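Dear colleague,

Here is the structure for your files. My notes follow below it.

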Amino acid sequence: MKIAITSQGKTLKDAPDPRIGRCQYFLIVNDETNEVEAIPNPQISAGGGAGIQTAQLMIDREVKVVLTGNIGPNASKVLNEAGIKVYINNSGTGESVFNDYKNGKLNPTIQANVSSHFGLK
């Protein structure tokens with residue numbers, strides 16, 4: 001299964017990014033092989049629609065779980081409709097967030113926890 005972690009860097013040692021639509025990187029982890037693919041977020045500078053386009057990227061990459069710091073209403077809606085589970089966690093490293101998920105320490109959310117355009121600078 002593929003798990004996406006929003007990240008401030010290219011490795012699991014980096015801090016998680018609190019944004020999904022405008023995060024710096026997505027770390028796509030295959031939880032069976034532990035392979036990690038770092039993908040620069042093409043929506044990082046988007047003026048609008050970043051959440052929806054990011055959610056579509058997760059669908060296209062066949063991600064089943066997203067671990068992120070926050071999620072807005074548009075991304076939440078699209079991911080929920082696609083059956084992709086979202087877990088909120090902002091602390092530690094990508095590796096600690098991944099381990100918290102694998103150890104059942106995170107709870108899924110089905111709603112946004114921030115407003116639209118969160119993270120737009």
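In which sense do strand 1 (residues 2–7) and strand 4 (residues 63–68) pair, and over how many bridges? In this predicted model, the two strands run parallel and are joined over 4 bridges.

Buried in helix 1 are Ala50, Gly51, Thr54, Ala55, Leu57 and Met58. These residues lie on the same side of helix 1, because they cover an arc of only 155 degrees around its axis. Their cover includes strand 1, strand 2, strand 4 and helix 2 (73–81). After helix 1 comes Glu62, with a positive phi near 60 degrees.

The sheet as a whole is open, with 6 strands in the order 3-2-1-4-5-6 and mixed pairing. Strand 3 (36–40) and strand 6 (108–109) each have a single partner strand, so one side of each has no neighbour in the sheet.

Overall, the protein has 3 helices and 6 strands, in the sequence pattern β-β-β-α-β-α-β-α-β. Its radius of gyration is 13 Å, close to the 14 Å that the globule rule gives for 121 residues, so the protein is as compact as a globular protein of that length. Of the 121 residues, 43% count as buried.

Regards

Note on methods: Residues are numbered from 1 along each chain as its sequence is written. This is a predicted model: local features need pLDDT of at least 70, side-chain atom pairs count only at pLDDT 80 or more; totals for chains, interfaces and linings use all residues. Side-chain values use heavy atoms; hydrogens and water are left out. Two strands pair if DSSP finds at least two bridges between them. Buried means under 20% relative accessible area, exposed over 50%, partly exposed in between (1.4 Å probe, protein chains only). The arc is that of the directions from the helix axis to the C-beta atoms. Contact means heavy atoms within 4.5 Å. The radius of gyration is taken over C-alpha atoms; the globule rule is 2.2 Å times the number of residues to the power 0.38.
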